[in-house]
Amino acid sequence: MHDKKKMKHNIIMLMILVLCLICITSLEVEAKCSPLPPTEVEALKEIGKELRKRDWNFEEDPCSNKSSWASPFDTKSEDWPSSMNNVTCSCSFPDETYHVISIMLQGQDLPGVLPPSIARLPYLTTLDLNRNYLTGEIPRQWASTKLEHLSVSVNNLPAGSIPSYLGNITTLQYLSLETNRFSGTVPLELGNLVNLTRLVLSANNLTGELPMALTNLTKLIELRISSNSFTGTIAPEFFQSWNQLQELEIQASGLEGPIPSSISILKKLTELRISDLNGKGSEFPPLNETTKLKRLMLRSCNLSGRIPDYILALKSLNMLDLSFNRLVGSFPEFTSLLQYLYLTNNLLTGPIPDWINNRDSRYFTDISYNNFSESSAQIPSCTGTLNSFKSFTARDNSLSGECLKKYPCGKDHYSLHINCGGEATTIRGTKFEEDADLGGPAKFFSVNIWGFSSTGQFWDKNPTAQDYIAKNVSLLTMENSELYTNARLSPLSLTYYARCLGNGIYNVKLHFAEIIIRGNASFYRLGRRVFDVYIQEQLVLKEFDIAKEAQGTDKEVIKKFKAVVKNKTLEIRFHWSRKGTTGSPHKGTYGPLISAISINSDFRPPLGRETKALIVGGASVLCLALLILGILWWQGCLNS
């Protein structure tokens, strides 16, 4: 026992000795390093002026990691990495001198220009200016740098082409130009960036066909080109060259279908998002060998045919969105591991399997707008995680199974007013009903004569219970501000319906106010919320932008329409087609937003039974009184 204690003591002492030697060696290396050269200090001063960054303290050593040069950040925070202030130096160079290797200034709201003086830092490999309010063109001087990571996403860069000289920075491994106003075609010279592993060009105004020179980017593992106005088809040669891809996003890019069969080459995909393809449709693409897929979206791709059986074998799949296609057949036997399932707006038939209703609240399923058998409508589908709105072949497919039986139509109604996402309130004698249900990724909500169907998941953020109701972040000064304090949100599709209405023509008022995107000189104003609005399945607003229409944020805009009610039901649908931005001011800022809805008949409502009875009763009493008076007068009893 004594020998064991002695051995343990010796091991501990040895470990302490080793640690001391490491510390001494580190201190010696530290002592050998010369401070940052004056040329780089002067370059930082010039960069600070160009960026208009005023909190760098040059009384401190820029490589000291002190507060003005390196602010701590929490990688577990919801906002990470939207706010970051770090200048990093390294002494691992032959000259044993500190050099600036990284500048990361995210979410600083810097109002200056993209700094040409970056080229004066010869050892800089990382430049991240994401989420600022910088202007100016990408400086030509940057073409001489050895940058490996470059991001100018979410800035106020002016409209214009992506400069071709970016193709000279052949050391680049990461390039993000997302959420700016770049226009024109993608330059051929980007094909020279053969070391590029991640390329993000989403949310710009890029046009034309993708250049075939991009097939040179054989090391790509991430590509995002959504929300642009490209033309042409997705050439099969691209997928053949990009066979290392792990994440691919082509949503509302302007490109046409069909999805080429060469997509089967992308066997390393973990996330695939393709949506809103124009042009020709196709059957389900061959993805049977992409066994690593965790999230799959093929939304509005004009897909037809049946959902293939191999989808069931993708054991890692957690999220599947096949909504807004023309898929047919019966409900597939998906595994219980699929947490998010969206089959919205297809042509699926047959019974809804029992396991759908038996799933617990961790799983979200949206099967709205399909043609399942009428017998399935008897299944109680009123949970907060299953949306079966208009999913049956019943004559009145506006109902959702048994959900509305507790709200029978006792009489016809001729008006309805809803404070969407907010509390009940009265405006000039008109009562707006409360709409405070939190909603959710697959939610059917009903109360009395109205309700809503909410479909969709915010893909780029961690989900919370508060995602589907917006709350204003500043003081509202418009008239009737209580209607705009809160609003209902949806990342894809939101339908409000009114039941039990008398048939006829109605006046519909839709109240909007942008209360999330800001109007000040900040990256908070760079977001563009764009969506479509349908009334009775007729498109009434296309690519509607609230802030643009209202000429600012926190300002109300009221759109008025006529609608015809024929089957006692009125539907208003708000739909996001992946236009606009998704990452400003924060990830997950997109989709329809509605503040209030007002519906009134455009005709005089007919009298109800009680009113008729009162009128008939009153008229009868009056006639009887007149008759008695007449008899009395006839007999001379009233001569006096």
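**Close-ups of rings and cores**

A search of the whole structure turns up 27 aromatic pairs, where Phe, Tyr and Trp rings (six-membered ring for Trp) pair if their centres lie within 6.5 Å. This is a predicted model, in which local features need pLDDT of at least 70 and side-chain atom pairs count only at pLDDT 80 or more, while totals for chains, interfaces and linings use all residues. Residues are numbered from 1 along each chain, and side-chain values use heavy atoms, without hydrogens or water.

**View A. Trp-56 pairs with Trp-69.** The two rings are stacked (planes under 30 degrees apart), with 4.9 Å centre to centre and 15° between the planes. Both Trp-56 and Trp-69 are buried, meaning under 20% relative accessible area with a 1.4 Å probe, protein chains only.

**View C. The largest nonpolar core holds 96 residues.** Such a core joins buried Ala, Val, Leu, Ile, Met, Phe, Trp, Tyr and Cys through side-chain atoms within 4.5 Å. Ile-103, Leu-272, Leu-298, Ile-311 and Phe-334 touch the most other members.

**View D. A second, separate core has 47 residues.** Among them are Phe-512, Ile-515, Leu-541 and Ile-597.

Technical notes
Rings of Phe, Tyr and Trp (its six-membered ring) pair if their centres lie within 6.5 Å; planes under 30 degrees apart count as stacked, over 60 as edge-to-face and the rest as tilted. Buried means under 20% relative accessible area, exposed over 50%, partly exposed in between (1.4 Å probe, protein chains only).
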